[in-house]
Amino acid sequence: MRDITTSKEKLLKKIRKALLEKRDNPYPQLEDLPYYAADEEIPEVIFAEQFTAVNGQFIFCEDEIQFIETLLTLAEERSWHKIYCWEPGLQEVLTRFEYPFYETDKDFEQAEVGFTFCEALIARNGSILLSNGNMAGRRLSIYPPVHIVLAYTSQMVLDLKDGFKLIKNKYGTRLPSMISNVTGPSRTADIEKTLVLGAHGPKELFVFLLDDSKSEV
């Protein structure tokens with residue numbers, strides 16, 4: 001008699017048989033093994049390498065004075081005049097050094113730079129965790145052609161899971177409605193497979209990393 005069992009039935013039969021057979025797990029410790037190899041560099045160096053590899057511009061500052069001096073030089077070189085900053089903590093830093101900025105959305109369509117904090121920096125991805133859980137909202141990191149982020153070394157983590165843990169510890173059950181992971185300036189290669197920066201957001205992305213190892217954020 002000819003066997004009319006289909007290929008699908010044969011496969012299912014093998015699966016059922018395998019499920020009935022009890023075998024020891026050949027890799028019992030697999031889930032406990034680290035996903036990444038051990039890193040020889042500190043997270044700040046890993047982030048800088050990954051971030052610059054995707055066209056991000058990274059600047060490390062030892063203190064606020066160096067941060068303001070570098071920002072002034074950069075603004076003069078780029079002829080930035082309309083810098084928008086809506087977060088009180090960041091406004092306080094800029095005001096202390098008499099650095100000019102727009103604190104409302106007046107003439108926002110002419111904005112040249114959006115200046116914000118972030119939730120965390122993800123070293124292995126070279127990415128930035130942003131949310132709308134502060135006064136910067138959703139627009140300031142997206143609309144202006146240049147986005148500048150001021151971050152602190154205490155916000156530097158290795159992986160995304162560590163970044164989400166920081167957010168959970170900060171907001172508890174009242175998580176922001178928007179949490180985004182930004183890796184480099186906005187880009188697309190949909191048009192003739194040519195990479196274009198700034199297609200759906202800022203064309204340039206800067207991260208100023210400030211050492212707060214001896215102070216609080």
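Buried residues make up 37% of the 217 residues in this chain, and the model you're looking at is a predicted one. The chain has five helices and 11 strands. Let's work through some exercises.

**Exercise 1. Find which residues of helix α5 are buried and which are exposed, and work out how the buried ones are arranged.**

Step 1: Locate the helix. α5 covers residues 160-171, which is 12 residues. From first C-alpha to last it reaches 17 Å, close to the expected 16 Å.

Step 2: Pick out the buried residues. In α5 these are Gly163, Ile167 and Tyr171. Looking down the axis of α5, the buried residues fall within an arc of 55°, so they line one face of the helix.

Step 3: Recall the helix rule. An α-helix has 3.6 residues a turn, so residues three or four places apart point the same way.

Step 4: Check the other side. There, Lys161, Lys165 and Asn169 are exposed.

Step 5: See what the buried face touches. The buried residues of α5 pack against β4 (120-122), β5 (127-131), β7 (156-157) and β8 (179-182).

Step 6: Look just past the end. Gly172 follows α5, and its phi is positive, near 65°.

**Exercise 2. Work out what kind of link Lys170 and Glu119 make, and whether each is buried or exposed.**

Step 1: Start with the idea. Side chains of opposite charge can pair when their charged atoms come close.

Step 2: Check the distance. The closest N and O atoms of Lys170 and Glu119 are 3.3 Å apart, and the two form a salt bridge.

Step 3: Apply the cut-offs. Buried means under 20% relative accessible area, and exposed means over 50%. Lys170, at 52%, counts as exposed, whereas Glu119, at 6%, is buried.

**Exercise 3. Describe the salt bridge between Arg96 and Glu92.**

Step 1: Read the distance. Their side chains meet at 2.6 Å, N to O.

Step 2: Find them in the chain. Both lie in helix α4 (residues 88-96), four residues apart, or about one turn of the helix.

**Exercise 4. Find the residues that form a nonpolar patch on the surface.**

Step 1: Name the members. They are Leu11, Leu12, Ile15 and Leu19, with about 390 Å² of accessible area together.

Step 2: Take one of them. Leu11 belongs to helix α1 (residues 7-20) and is exposed, with a relative accessible area of 51%.

Definitions and conventions:
Residues are numbered from 1 along each chain as its sequence is written. This is a predicted model: local features need pLDDT of at least 70, side-chain atom pairs count only at pLDDT 80 or more; totals for chains, interfaces and linings use all residues. Side-chain values use heavy atoms; hydrogens and water are left out. Patches are made of residues with over 30% relative accessible area and no salt bridge: like charges are joined within 9 Å, nonpolar side chains (Val, Leu, Ile, Met, Phe, Trp, Tyr) within 5 Å. Accessible areas come from the Shrake-Rupley method with a 1.4 Å probe; for residues, only the protein chains shown count as cover. A salt bridge is a side-chain nitrogen of Lys or Arg within 4 Å of a carboxyl oxygen of Asp or Glu. Helices (H or I, at least four residues) and strands (E, at least two) are DSSP runs, numbered from the N terminus. Buried means under 20% relative accessible area, exposed over 50%, partly exposed in between (1.4 Å probe, protein chains only). The expected span of a helix is 1.5 Å times one less than its number of residues. The arc is that of the directions from the helix axis to the C-beta atoms. Contact means heavy atoms within 4.5 Å.
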